[in-house]
Amino acid sequence: MSTCKDHITFWNGEKMPIVGLGTWLSSKEEIQTAVNAALEAGYRHIDTAYLYSNEDAIGEVLQQWIKSGKVKREELFIVTKLPMIGNRSENVERFLRKSLQNLRLDYIDLYLIHAPIGLTAKHDDDLFPMNADGFVVLDNDTDLVDLWKAMEKQVDAGLAKSIGLSNFNEEQIERIVKTARIKPANLQVELHAEFQQKSLRDFCHKHGITIVAYAPLGSPGRNAFYTSLGMAVPGLPDLIQNPVVVKIAEKYKKSTAQVLLRYLMQLGLAVIPKSVTPARIHANFQVFDFDLTATDMAELGELDQGEKGRTFDLSTTLKGAEKHPENPFRGH
């Protein structure tokens, strides 16, 4: 039996299941198959975002499960995010209500600011506004403290139980914590064995902010995704084939993916592996029946590449994003 808890607890007492289904840009059929498979496997934590354009597809499945009595709303933990085109205080409630309508829910368990960079769009479906030269259209007046005040109002209104951040750096989080009436409950960032973010983890622990690791497997499917877009993105880690991970997996008769997830869980992090393959979704949830030893943990800790391990950089997919004054990866 595993000694690892099946949830992490926020400062406000809300409990987030430690393993969630990560979602992304997928077809309606793919996303609905994935969410059904996840709920059947026992997942109750589903991660989405307005930016992924999949909330409506997810909402249909959630409604079916709730209406049929197979699951109660209070058993689910649903996370969604404010898009970068909504990063002004006057936009927050509008985008949250759009997400609630898409998801067919009365409240969100955790609402995150997706990224600290603001973009200027022509309309609410203009998710990645570009100018004629292919550069993203920046809103250089993004005010994160003012934006957070609007996030707090969503908790007051009962539209979100908890609020948090995604892709923020320590300095940006510190600014918000200093002035917050309602503290961030969670930070969602890229985190995996080759990019372990120890300084950021220690910082969040000091402030009582929990962490969700996205790309916890090093995002192996992204190589093919970027290739399909004709983009060259070198250096994405192949953690699934890493000999250290393979050796530990063989010892426990587990997959390398299960070992990588388990490692992060034993560090006290929640994980949201992305998949649309039912067999993989099921396997990613079979991580509660073994414990990694202190030696295993130390060996996996040695895989950390520091900043060289980072694979997500907003400027990779959004040309010109690095020029925004709130670019969280400036200088990295």
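The legends below describe close-up views of a predicted model.

View 1. Eight strands form an open sheet in the order β3-β4-β5-β6-β7-β8-β9-β10, and their pairing is parallel. Strands β3 (21-22) and β10 stand at the edges with a single partner strand each, so one side of each has no neighbour in the sheet. At the β3 end, two bridges join β3 in the parallel sense to strand β4, which covers residues 45-47, and here Leu21 stands opposite Ile46 of β4. As background, the strands of a sheet pair through backbone hydrogen bonds, either parallel or antiparallel.

View 2. Strand β9, made of residues 210-214, is mostly covered, and five of its five residues are buried. Thr210, Val212 and Tyr214 point one way from the strand, whereas Ile211 and Ala213 point the other way. Strand β8 (residues 186-190) runs parallel to β9 and is joined to it by five bridges, and Asn186 has Thr210 of β9 as its bridge partner. With strand β10 (residues 270-271), β9 pairs in the parallel sense over two bridges, and there Ala213 has Val271 as its bridge partner. Together, β8, helix α6 (residues 198-206) and β9 make a β-α-β unit that is right-handed.

**View 3. Helix α1 and what covers it.** Just after the end of α1, Gly42 takes a positive phi of about 115 degrees.

**View 4. Helix α3 and its buried face.** Within α3, the residues Val92, Phe95, Leu96, Ser99, Leu100 and Leu103 are buried. Seen down the helix axis, these buried residues fall within an arc of 140 degrees, so they line one face of α3. They pack against helices α2 (55-67) and α4 (144-156) and against strands β5 (77-82), β6 (108-113) and β7 (160-166). Just after α3 comes Arg104, which takes a positive phi of about 60 degrees.

**View 5. Tyr111 in the largest nonpolar core.** The largest nonpolar core has 105 residues, and Tyr111 is listed with Met16, Ile173 and Leu187 as those with the most contacts inside it. When neighbours within four places in sequence are left aside, the residues in contact with Tyr111 include Val92, Phe95 and Leu96, which are buried residues of α3. Other contacts of Tyr111 include Thr80, Lys81, Leu82, Met151, Ala160 and Ile163.

**View 6. The two sides of helix α11.** In helix α11, residues 294-301, the buried residues include Asp296, Met297 and Leu300. These three cover an arc of only 100 degrees around the axis, which puts them on the same side of α11. The face turned away from that buried side carries Ala294 and Thr295, which are exposed. What covers the buried residues of α11 includes α8 (243-252) and α9 (256-266).

Note on methods. Residues numbered from 1 in each chain as written. Predicted model: local features only at pLDDT ≥ 70, side-chain atom pairs only at ≥ 80, totals over all residues. Heavy atoms only, no water. Buried < 20%, exposed > 50% of the residue type's maximum accessible area, 1.4 Å probe, protein only. Helix = DSSP H or I, 4+ residues; strand = E, 2+ residues; numbered from the N terminus. Pairing = 2+ DSSP bridges. Right-handed = clockwise from strand over helix to strand, strands pointing away. Core = buried A, V, L, I, M, F, W, Y, C linked by side-chain atoms within 4.5 Å. Contact = heavy atoms within 4.5 Å. Arc of directions from axis to C-beta.
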